[in-house]
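Hello,

Here is the structure for your files. My notes on the interface follow below it.

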Protein chains: 2
Amino acid sequence: MMLMNMQHVIAKLRHSGYKITPQRLEICELILSSQNHPTADQIYQKILRKFPTISLATVYQTLHLLKELGLLQELGFADMSSRYDPNTSPHVNVICPKCGQIYDCEPKRAKELWSQIAAELRFKPVGQRLDVYKYCDKCSNIQSRNSETKNR
Amino acid sequence: MMLMNMQHVIAKLRHSGYKITPQRLEICELILSSQNHPTADQIYQKILRKFPTISLATVYQTLHLLKELGLLQELGFADMSSRYDPNTSPHVNVICPKCGQIYDCEPKRAKELWSQIAAELRFKPVGQRLDVYKYCDKCSNIQSRNSETKNR
DNA sequence: TCTTAAATAATAATGGTTTTTGTTTAGTAT
DNA sequence: ATACTAAACAAAAACCATTATTATTTAAGA
Ligand SMILES: [Mn+2]
Ligand SMILES: [Mn+2]
Ligand SMILES: [Zn+2]
Ligand SMILES: [Zn+2]
């Protein structure tokens, strides 16, 4: 379940009874090869180049479909937006609490942590989400600049 | 930072320059003693009993304030709602993906392995979120009942 | 008690997401 | 190849949790 190529996705769509449409293929390619956990609108803006008449609703529908099929996970955030992650295996999302930048991290100990916790919980989870908050370089610079002068 | 009593909260509000109001005290008591990760509206509905004229906006403002003070964390979800968790230490939220029920779980080795991950990442996180998805008893029953007859 | 900046209640506005509706199309049967 | 039909689409409106605005009230210090 590591390398998720387009042939696999197409097979899964077919097997599940869904139609293969150009819009779906383009959305799948974009999101499944993404690394930065994009929003629905960010995907929509990119798709617009090839499909100038595509609807944002279609992007949302397709993302939900891929979620149902287990090909991605939806990460909800406190600012009431969702970001989509093609990495559904246990891993760490490193997130800047200021600007929202996200990147994946796969520490060796993460798998170990996961299996130990799963064993202690005495059930097999259907999914998981591991977030770690850390100010990115840009935001931590601004942060420190501000705290020099202003303070609460 | 374990037992968060009202005296500590009041001191923190004072020290940070915020006023002690009856509304704030009531909201703090409710959320900081809660176990089920309530939404802002659920807190609002409970507060209404004692403060019939309180505004939902006040609840949101107070929750954001407590978040700034580090007394709780806000958990955003894919259904575009937030739930508030007075437990800010590394722990596991066990979440039903169907009905949204949440309860805390503190595996013995969670904190220790969490710190090992932090060490491997080579930075000190300002926070974290560890979710595990598992259908609750009620929802897993319904789930299995449905999959007997209907199937995709 | 007086003063005033902060907090509150009420209300409107916001914006990401979902729903609705009419049109188009992928997959299949003829 | 053509016709058929349920599914998918685009466009637009609706939804709704949250946030912003504004007038009023109040906590806290002088
Ligand atoms: Mn990720
Ligand atoms: Mn929790
Ligand atoms: Zn940042
Ligand atoms: Zn449930």
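Asp131(A) has Arg129(B), in β5(B), as its bridge partner. This belongs to a pairing of strand β5 (residues 127–133) of chain A with β5(B), which run antiparallel and are joined by seven bridges. Strands here are DSSP runs (E, at least two residues), and helices are runs of H or I (at least four), numbered from the N terminus; two strands pair if DSSP finds at least two bridges between them.

The model is predicted: local features need pLDDT of at least 70 and side-chain atom pairs pLDDT 80 or more, while totals for chains, interfaces and linings use all residues. Residues are numbered from 1 along each chain as its sequence is written, chains are lettered from A in the order written, and side-chain values use heavy atoms, without hydrogens and water.

The contact (heavy atoms within 4.5 Å) takes 39 residues from chain B and 40 residues from chain A. About 3200 Å² is buried between the chains, 67% of it from carbon and sulfur atoms; this is the accessible area (1.4 Å probe) lost on putting the two parts together, summed over both. On the chain B side, Met80(B), Arg129(B) and Tyr133(B) lose the most area to chain A, together 17% of what that side buries.

The interface has zero salt bridges (a side-chain nitrogen of Lys or Arg within 4 Å of a carboxyl oxygen of Asp or Glu).

Chain B can be laid on chain A with an RMSD of 0.3 Å by a turn of 180° and a shift of 0.1 Å along the axis, superposed by least squares on C-alpha atoms of residues with pLDDT of at least 70 in both. That is the relation of a two-fold axis.

Regards
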